[in-house]
Amino acid sequence: MSSEAITSFENLGLAPEIMAAINQVGYTTPTPIQAQAIPAVMAGRDVLGIAQTGTGKTAGFTLPMINRLMKGRAKARMPRTLILEPTRELAAQVAENFDLYGQNTRLTKALLIGGVSFGDQERAIERGADVLIATPGRLLDHVERGKVMLRGVEVLVIDEADRMLDMGFIPDIERIVKLLPFTRQTLFFSATMPPEITRLSEQFLQAPQRIEVAPPSSTNKNVSQTLIEVAPMSKRAALRALFDREEVTNGIIFCNRKRDIGTLLESLQRHGYSAVSLHGDMDQHIRLKMLDEFKSGSAKYLIASDVAARGLDIPNVSHVFNFDVPSHAEDYVHRIGRTGRAGRTGAAYMLATRQDDKYVQAIEGLIKLEIPREELPGLDAAETDKPAAKGKPRRRKTDAKSDDPSPTGGNGTDNHAGRRRGLLGRNRRKTPNNKKPDATPTAEKSQNAKAEKTAPPPRKAKAQSSDAFDGNMPDFLKKQIK
Ligand code: AMP
């Protein structure tokens with residue numbers, strides 16, 4: 001059956017219990033990755049799925065896995081399927097999906113993630129778990145303690161493989177795969193395919209069906225994209241102007257640096273916007289609280305770092321604001337993918353200074369689209385560059401995660417503003433009446449001064465930890481970690 005022909009979950013061969021669950025959850029049409037992956041997995045084939053989060057890939061592998069598991073029985077300490085996830089939050093999100101889709105079955109799972117006591121996890125394995133959903137490190141801990149045997153694994157899922165690579169988990173994955181039977185079904189998902197991931201996929205998969213639902217460089221057509229040209233010192237004013245003019249249900253604001261998240265949060269709160277923040281250094285409980293406030297609507301804005309927000313599954317985000325232009329073009333795709341999920345529309349704005357030219361160029365090269373430019377009245381980039389141009393020119397650091405001392409979002413200032421016209425100069429529209437705007441309103445100036453004082457000292461860049469917040473935390477897990 002060709003995937004184009006699949007417009008319903010009927011005829012995929014899924015058990016009635018699963019069909020009932022799909023109905024209960026309210027899905028009517030398989031997403032493109034589901035339409036292609038479900039038949040392939042049901043046919044027992046290995047799958048190489050190139051798909052981002054938000055495409056419905058979790059159900060793409062979970063539904064046929066449940067179908068297979070229903071035909072056998074769990075054995076103590078010998079799980080029949082294994083799902084590897086890079087972070088505990090993603091693992092918890094998948095576990096939640098497994099419960100949802102398996103609600104009419106008696107299948108059991110064990111969620112093996114860090115930050116939770118070994119005892120409960122060991123008991124779940126001991127009782128016999130049909131599926132293990134695990135982060136690599138914690139799974140290996142259990143293996144070393146002799147509590148779990150992987151010889152019975154019939155289906156292996158490696159999810160978010162490129163993320164595993166980023167987080168340094170590939171050696172762990174290779175160790176784990178050596179413990180599995182050679183004859184097994186392997187489903188391998190990755191948003192991008194860097195050479196190392198291609199190598200791994202060739203090593204782990206046998207004659208896989210390659211499924212690519214959207215090239216990793218593509219952005220969702222449901223998301224309108226706009227680039228706002230702005231001077232570094234006017235970014236916060238520009239953001240507020242956008243908030244006031246747009247019909248924002250809720251929005252995620254991305255900053256490149258953790259320290260800027262705090263500064264921006266303080267600024268927005270002071271201006272009366274209900275905002276919370278998320279970044280990888282936060283304590284788990286605080287992150288959950290922040291996310292809950294955003295999801296429940298009590299906070300309208302969430303300020304986040306790339307690490308914190310990747311994989312975040314919040315279906316109704318109306319807007320994404322790039323407070324900084326990301327230095328890695330792929331991050332732009334991931335960021336704006338937080339809106340326009342599950343067929344909804346969304347809007348993405350990016351504040352760009354002239355110093356961002358080369359990063360904007362890289363993004364546009366990747367997405368093969370020139371992002372429409374707009375200037376906000378009173379915030380003309382060329383004019384407002386002037387007050388910021390005093391002193392030495394600062395160069396933007398190339399590492400998006402580095403700490404930049406600039407209180408403006410770290411894109412530096414340009415004292416060659418009059419001479420230099422980069423990419424941002426294309427399609428420029430003049431500010432009406434050639435009005436010279438007040439680049440930095442008084443309130444903003446005093447805030448900037450305060451922000452500089454209150455900003456925490458630069459932290460040393462640290463390796464991403466598996467703590468990186470990456471998804472929703474289901475209630476059952478919240479109870480476990482209380
Ligand atoms: P994922 O990419 O697996 O993280 O899924 C993204 C979101 O899409 C989740 O909120 C799912 O509940 C939702 N979803 C998955 N499959 C479908 C479907 N067939 N129809 C509507 N929503 C879906």
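In this predicted model, helix α2 passes helix α3 in a right-handed crossing. The two helices, α2 spanning residues 32–42 and α3 spanning residues 57–69, pack at an angle of about 25 degrees, and their axes are 8 Å apart. Angles under 35 degrees count as roughly parallel, so α2 is roughly parallel to α3. On the α2 side, the contact is made by I33, Q34, A37, I38, V41 and M42; α3 contributes K57, A59, G60, F61, L63, P64 and N67. Sorted by class, the contact of α2 with α3 holds nine nonpolar, three polar and one charged residues.

Stepping back to the whole chain, the secondary structure comes to 18 helices and 14 strands. Of the 482 residues in the chain, 50% are buried. Among contacts between residues at least 6 apart in sequence, 81% join residues at least 24 apart.

Seven of the strands come together in an open sheet with parallel pairing, and their order is β10-β11-β9-β12-β13-β8-β14. The edges are taken by β10 (275–278) and β14 (373–374); each has a single partner strand, so one side of each is left without a neighbour in the sheet. For β10, pairing with strand β11 (residues 301–304) is in the parallel sense and runs over four bridges. Within this pair, S277 has I303 of β11 as its bridge partner.

Helix α14, residues 329–336, lies across β8 (223–229), β9 (251–254), β12 (319–322) and β13 (346–352). Relative to β12, helix α14 runs at about 155 degrees.

Methods:
Residues numbered from 1 in each chain as written. Predicted model: local features only at pLDDT ≥ 70, side-chain atom pairs only at ≥ 80, totals over all residues. Axes fitted to C-alpha atoms, helices over the stretch in contact; angles between N-to-C directions. Parallel < 35°, antiparallel > 145°, perpendicular 65-115°, else oblique. Left-handed = near helix turned anticlockwise from the far one by under 90°. Contact = placed C-beta atoms within 7 Å. Nonpolar A, V, L, I, M, F, W, Y, C, P; charged D, E, K, R; others polar. Buried ≥ 20, exposed ≤ 12 C-beta atoms within 10 Å, placed from the backbone. Pairing = 2+ DSSP bridges.
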